[in-house]
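Good morning, and thank you for coming. I shall take a few minutes to walk through one model, element by element.

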Amino acid sequence: MTRRVYLDHNASTPVHPEVVAEMLPYFGDVYGNPSSVHGFGRDARGAVDAARDRIAAFLHVRPDELVFTSGGTESDNFGVKGLALARGSGHVITSKVEHHAVLRSAQALEAQGFTVSYLPVDQYGMVDPDDVRRAVRPDTILISIMHANSEVGTIEPVRDIGRIARERDIPFHVDAVQTFGKVAIDLDAFGIDLLSFSSHKIYGPKGVAALFIRKGTKMTSVQHGGEHERRRRAGTENAPGIVGFGKAVEVRARDMAAEAVRVSALRDRLWAGISARVPEARLNGHPTERLPGTCNVCVRHVESESLVLGLDLKGIGLSAGSACSSGNVEPSYVLVAMGVPLDWAMGSVRCSLGRSTTADDIDYVVEAVAPLAAKLRELSPASA
């Protein structure tokens, strides 16, 4: 039987057993609509409110500053478009390496007459805060910069960018889908007014996420219907998912610090093994300011998809970029923005580690990558 090793935790994580156990009653015995006023509904409402309280306590915010959504993409859309539309017009600052949920929200705003500055990044995928400062205009209404890049793992200088936003009294949105529950986030110290984060990246269920909206931040709803979520996001609350989200946050609060240390060591072990065994391999992203479990590697003159498919035959699951770019044969837009040459960028793979990853898994992956990369390079016309 082929060994199976999952190294795509940035795309999604397996639901933690404690989370599954917490959710089960809400698929059966507790089935009321949280908006219903009868006892069945009140039971569900109590569970939703308890989960909201758990997450608020983790972030040190007020429960009424959290809005539950269907996923990180919706949270990003609400954060970017909801704030901009509340102002009616103006200028938005973001970066070239944001998740597509932010980039395409910004493009949608451009189609409605807003102006957007897409800031460059350096060779490590990092935004320069001075570029943010220079981009600010009198009509700037929003700065949106991700906390960490999902492909290369670079952690952005959001504290410095938040300070600039505060100095100019500009709302600051941060996509923290890849960092929430993995690294510390201090909303006040970072000057964050809007924070997007998701459940299924931290061993919770898919289909549920949240947006933190700092009290006093003017927003326009982007999903219309009923009076749910204090009239900010219409739609029946996903009670089982929200309960699972709350439990996943509780588990991460307990395990996050120790897990970050353990996974960082395995990430470094992986890169050390690949760099020693695979000629012309390079590490993408910042060497130190990056996510604990993310290792993005380029192998020159080797196609990403061939590496991914070849390793899949060995039972190893990893990706050629973000899950939202799956099937795209173009080089990663993130690597292009970082200035990675095409003959390298076409051979990038992302390994993202998690709570189930072991040292034996890492050694197995290294043993599989080296001969596969050598074989694929021999077959590549570019290396001839």
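Strand S5 (residues 140-144), helix H6 (residues 158-167) and strand S6 (residues 172-175) form a right-handed β-α-β unit. Right-handed here means that, with the strands pointing away from the viewer, the path from the first strand over the helix to the second runs clockwise. Helices (H or I, at least four residues) and strands (E, at least two) are DSSP runs, numbered from the N terminus.

Two remarks on provenance. The model is predicted: local features need pLDDT of at least 70, side-chain atom pairs count only at pLDDT 80 or more, and totals for chains, interfaces and linings use all residues. Residues are numbered from 1 along each chain as its sequence is written, and side-chain values use heavy atoms, with hydrogens and water left out.

Let us stay with S6. S5 and S6 run parallel and are joined by two bridges; two strands are taken to pair if DSSP finds at least two bridges between them. Within that pairing, Ile143 is placed opposite Phe172. S6 also pairs with strand S7 (residues 194-198), again in the parallel sense, over three bridges, and there His173 faces Leu194.

What covers S6 on its two sides? Phe172 and Val174 on one side, and His173 and Asp175 on the other, are all buried. Buried means under 20% relative accessible area, exposed over 50%, and partly exposed in between, with a 1.4 Å probe and protein chains only.

Ser144, in strand S5, is buried, with a relative accessible area of 1%. Its side chain makes a polar contact of 2.8 Å with that of His173. A polar contact is a pair of N or O atoms within 3.5 Å; within protein, one must be able to donate a hydrogen and the other to accept it, and residues adjacent in sequence count only if both atoms are side-chain atoms. Not counting residues up to four places away in sequence, Ser144 touches Val80, Ile93, Thr94, Ser95, Glu98, Val102 and His173, where contact means heavy atoms within 4.5 Å.

I turn now to the nonpolar interior. A nonpolar core is a set of buried Ala, Val, Leu, Ile, Met, Phe, Trp, Tyr and Cys residues joined through side-chain atoms within 4.5 Å. The largest one has 53 residues, and Leu195, Phe197 and Phe245 have the most contacts inside it. Apart from it lies another core, of 30 residues, including Val5, Val302, Val308 and Val365.

Next, helix H2 (residues 39-59). Its 21 residues reach 30 Å from the first C-alpha to the last, close to the 30 Å expected, the expected span being 1.5 Å times one less than the number of residues. Among its buried residues are Gly41, Ala44, Val48, Arg52 and Leu59. The buried residues of H2 pack against strand S2 (66-69), S7, helix H7 (228-231) and helix H8 (239-277). Just after H2, His60 adopts a positive phi of about 60 degrees.

Ile213, in strand S8 (residues 209-213), is buried at a relative accessible area of 6%.

Finally, why is strand S12 (residues 348-352) described as largely enclosed by the rest of the structure? Because five of its five residues are buried. Ser348, Arg350 and Ser352 point one way, and Val349 and Cys351 the other. Strand S10 (residues 294-299) pairs with S12 in the antiparallel sense over five bridges, with Thr294 opposite Ser352.
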